[in-house]
Amino acid sequence: MDTLLLARLQFATTTSIHFLFVVVTLGLVTLLVGMQTAWVLTGNAKWERLTRFWGQLYVINYVLGIATGIVMEFQFGLNWSGLSRYVGNVFGAPLAIETLVAFFLESTFLGMWIFGWHRLRKGVHLALLWGVALTAYASAFWIMVANSWLQHPVGYEVRDGIAHLTDFGALLTNPSLGMAFGHVVSAALLVGGMLMAAVSAWHLIRRTPDFALFRTSLRIGLVTAALAITMVQGFGFAQFGPVGEVQPTKFGQGPEAQAVIADWTTRFGPGDYTPPVLASVGLGFMILIGFTLGCVWLLLPLLYRDWIIRLRFPLWLILLAVPLPFIAVILGWIAREVGRQPWVAYGLLPTGQAVSPVGTPVMLASLIGFSLLLGTLAVTNWVLLARHAGRGAADPALGRPPAAPGEPAHPEPALA
Amino acid sequence: MDLAWYALLGLFFASYLVLAGYDYGVGLLLARGGAPAGRRAALTALGPFFLGNEVWLVAAVGILFGAFPVLEGELLAGCYPAVAGALVGVVLVTAGVQLRSRPGDERVRARWDRVIVVGSALAALGWGVVLAALLQGVPRQADGHVAGVSHLATPFAATAGLTMVALVAVHGATFLTLRLPADAADAAGRAARRLVPVALCAVVVATVVGVLSSRVRDAVGRPAVAVLLPVLLVVALLAARAALARRRPGWALIATGAAMALPVALVGAALWPYVLVSTTDPGASLTVADAAASTPTLRLLGWVALPLLPALLGFQAMCWWVFRGRTDGRAPVYW
């Protein structure tokens with residue numbers, strides 16, 4: 001096996017796992033900001049309980065976002081040293097800005113938010129969550145700037161075989177960026193909304209004690225999902241124009257694609273310049289899922305007089321639909337990334353040139369090791385998420401008052 | 001401008017070792033076992049600082065990628081096993097600390113604690129080996145790539161890795177002496193004082209092995225610095241021991257923190273103006289200036305990052321200030 005294939009498989013595995021967690025992070029934090037703001041403004045204890053319950057799930061989910069994110073960052077240097085060598089002057093800048101401007105502060109704020117319950121003033125505590133959310137969006141933005149540059153390199157000139165930055169503004173107005181950023185952010189909101197609605201539906205189906213609480217979060221989740229799916233569809237279809245223009249080989253075999261391929265053949269030599277078919281197949285399924293999820297709008301009228309809860313079967317529908325947005329985001333990501341092949345930077349740097357010159361055994365060990373590690377952690381994390389979601393909002397560890405009798409660490413029966 | 005960015009890279013990586021160093025130290029000390037309440041108290045002492053500590057690593061690698069792209073590719077790929085080992089350690093610690101208390105069962109929590117111990121050891125060992133690899137030079141070829149990974153397997157790299165583990169353990173125990181409630185802090189202080197001689201031995205052995213290694217002697221361009229800084233490291237450890245004996249854990253933590261940062265300064269200063277010294281082809285050695293990104297990139301990063309630096313430091317300082325002092329019954333428990 002060649003190292004190129006191994007390095008690509010590793011990138012696909014790490015990115016996919018990372019993406020499954022970060023969309024939840026981004027979606028949930030937005031809803032959490034709303035809930036905690038409502039708590040601070042109204043003083044209604046219901047909002048505090050909602051913030052603690054969903055905040056706990058958010059924080060558990062965040063763990064894998066960080067763990068996989070760190071691996072992602074190192075992977076560029078470990079497996080793709082050609083990327084930093086040839087285009088690092090341009091591609092490295094948005095990534096560096098992301099770590100300094102966004103992630104550094106996001107995690108610092110989150111640490112203070114988790115431990116700031118009952119210790120910081122309410123306003124300061126709320127401001128920290130706002131900080132977490134804003135830096136999370138900033139993070140998504142800069143990552144998309146970096147990714148869009150790989151899709152459509154702009155604002156650079158090549159001297160001595162190495163790309164140098166000439167116009168940073170061009171990176172921010174990249175035609176491949178705007179609609180894609182909107183698409184990803186609304187997909188995150190969709191995932192967050194669907195997850196919130198589904199967990200609430202499960203509690204309502206089981207008739208657990210917190211009816212009022214989960215009724216509220218069901219409504220918030222559904223309305224968010226409905227608004228988000230429309231935005232997802234809008235931004236998604238709006239991408240076809242600009243992306244088709246700057247990446248003619250991505251979606252089709254038209255005359256423009258043929259012209260580009262002829263140009264590449266003269267500049268880089270003959271080769272297979274069409275992306276694998278996997279990209280467009282995935283895209284088709286993603287669009288199908290997108291239309292299916294559009295049916296969320298049909299459920300909204302049932303919110304009237306809680307018909308959605310009384311009828312019960314809509315709750316089951318929501319519960320069963322929860323894997324769909326996750327599958328869709330992965331397929332969408334595959335369409336974007338695999339559709340860029342065989343380039344790592346489209347039309348500038350072939351993927352084969354970017355891979356690190358390390359031996360096959362090292363690359364294979366790395367692929368197996370990190371995939372097993374991150375895969376195991378991801379499954380463990382989902383199990384923990386499911387357990388905490390199922391446990392309900394009675395007493396989440398997050399935000400538990402310090403004076404309260406300790407958590408039931410030793411559940412000893414009073415009378416054995 | 002290269003020098004400023006190189007210094008900033010050093011500052012961020014050293015800060016990572018100083019701050020996350022005590023996370024890993026506390027993690028290593030979980031290996032002592034003990035009552036579940038004691039292990040949880042140690043993690044509660046890390047509490048709010050934990051998430052803000054590892055961000056320094058992410059930011060350091062961000063600076064490495066943005067400001068020194070060539071170095072990023074060659075260093076990480078050229079030291080693949082060491083970097084990957086450290087990375088596995090970092091991932092295990094970050095997941096272990098944050099998830100260990102989510103299950104209620106104490107046996108499951110004890111298993112997670114073992115994960116944290118292994119992760120902490122791997123992270124310290126890995127970064128120690130990476131720093132040693134820089135100091136002993138790498139087989140960088142004329143084509144700019146580092147050949148193979150067997151250059152890592154030297155006695156110097158092994159002793160340097162183990163030294164980092166010992167330093168981290170001292171640092172973690174000192175941190176616990178400062179943070180734990182007064183009654184538990186005494187035991188942590190005794191552990192820290194017992195660990196100082198171990199770390200001293202490790203530093204001395206690593207220094208001697210380094211001096212005896214012809215690769216290290218050839219790679220180091222400034223031998224005076226390379227001898228002075230290990231001496232400072234020994235002084236810092238002795239100062240920490242003295243401060244612990246006088247029940248001044250704050251000063252002791254400053255001293256062990258200095259001991260964590262000094263290896264980074266050592267590598268930066270002893271190799272200057274080079275950053276990757278080639279052991280096979282002197283012409284293939286990489287200077288800091290050659291490794292740096294071109295001027296427009298550095299200027300852009302300067303405009304974006306420098307105004308922000310006070311905010312980054314300010315919010316970190318806010319975290320330290322808000323949660324200063326010993327943990328007590330009122331401290332929020334989450335990890």
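Modeller: Helices here are DSSP runs (H or I, at least four residues) and strands likewise (E, at least two), numbered from the N terminus. The model is predicted: local features need pLDDT of at least 70 and side-chain atom pairs 80 or more, while totals for chains, interfaces and linings use all residues. Residues count from 1 along each chain as its sequence is written, with chains lettered from A and ligands numbered from 1 in the order written.

Colleague: What makes the contact between them?

Modeller: Residues including A:Tyr62 and A:Phe76 of α2(A) and A:Leu83 and A:Leu110 of α3(A). In contact means C-beta atoms, placed from the backbone, within 7 Å.

Colleague: Which element of chain A gives the most to the side that touches chain B?

Modeller: The contact takes 58 residues from chain A and 60 from chain B. On the chain A side, α3(A) gives the most, with 24 residues.

Colleague: How do you know how compact chain A is?

Modeller: Chain A has 16 helices and four strands. Its radius of gyration is 23 Å, close to the 22 Å of the globule rule for 416 residues, so chain A is as compact as a globular protein of that length. The radius is taken over C-alpha atoms, and the rule is 2.2 Å times the number of residues to the power 0.38.

Conventions: Two residues are in contact if their C-beta atoms, placed from the backbone, lie within 7 Å.
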